[in-house]
Amino acid sequence: MKMTLLVAAALFAASPVYAREEKNNKEKAPPPPPVVEYENDDVHMSDALDTACIATPAEQETYDSRDNVLITKIDGGGRAFFHLKDGCDTNTMIFAESIKSADGTQCVKPGGALVFTSSFGDSKQCEVVRINRWLDDELISPEDAQ
């Protein structure tokens, strides 16, 4: 009888420990991936580019104020949509006075990096994952441009 009581007491005492361990494991689990990575169904998204040369002065905007995506004017006219690796925030991209590739030129390829420099001299480097041509809205009827 004493043995049964000791075993029951030991199991009772150990049960909250096991419950806390499971809870701690759940807290350490990585967050779920985002539901939508990019707006690939957007009619403005066009073909992938092997390289893009950013126009100067930089004219950039974010896509729905989201991190890691940037739309900027490129040389030769038009704009490009840059998909950046995690860690490039909206404020860094929007308030940058200059955007260049990591090698100091204006041209970058996927796998390369963009360096965003602010007027305060702060700079941040962000890796480019993919580049797509971004199609601006065009008037359906050119005669409406008056």
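This is a predicted model: local features need pLDDT of at least 70, side-chain atom pairs count only at pLDDT 80 or more; totals for chains, interfaces and linings use all residues.
**Strand S5**

I started with S5, residues 79-84, and looked up how covered it is. Six of its six residues are buried.

Next I asked which strands pair with S5. S4, residues 69-73, runs antiparallel to S5, and five bridges join them. Looking across from Ala80 in S5, I found Thr72 opposite. The hairpin of S4 and S5 has five residues between the strands, and there I noted Gly76 with a positive phi near 85°. S9, residues 123-134, also pairs with S5 in the antiparallel sense, over six bridges. Here I picked out Phe81, whose bridge partner in S9 is Asn132.

**Disulfides**

How many disulfides does a search of the whole structure find? I got two.

One is formed by Cys53 and Cys107, with the sulfur atoms 1.8 Å apart. It links distant parts of the chain, Cys53 in strand S2 and Cys107 in strand S7, 54 residues apart. The link is right-handed, with 100° about the S-S bond. I looked up Cys107 too: it is partly exposed, at 34% relative accessibility.

The other joins Cys88 to Cys126, S to S 2.1 Å. Cys88 lies in the loop between S5 and helix H2, while Cys126 is in strand S9, 38 residues apart. This link is right-handed as well, with 80° about the S-S bond. Buried or exposed, I wondered about Cys88? Cys88 is buried at 1% relative accessible area, and Cys126 is buried at 2%.

Last, I numbered the bonded cysteines in sequence order and read the pairing as 1-3, 2-4.

Key. Residues are numbered from 1 along each chain as its sequence is written. Side-chain values use heavy atoms; hydrogens and water are left out. Buried means under 20% relative accessible area, exposed over 50%, partly exposed in between (1.4 Å probe, protein chains only). Helices (H or I, at least four residues) and strands (E, at least two) are DSSP runs, numbered from the N terminus. Two strands pair if DSSP finds at least two bridges between them. A disulfide is a pair of cysteine sulfur atoms within 2.5 Å.
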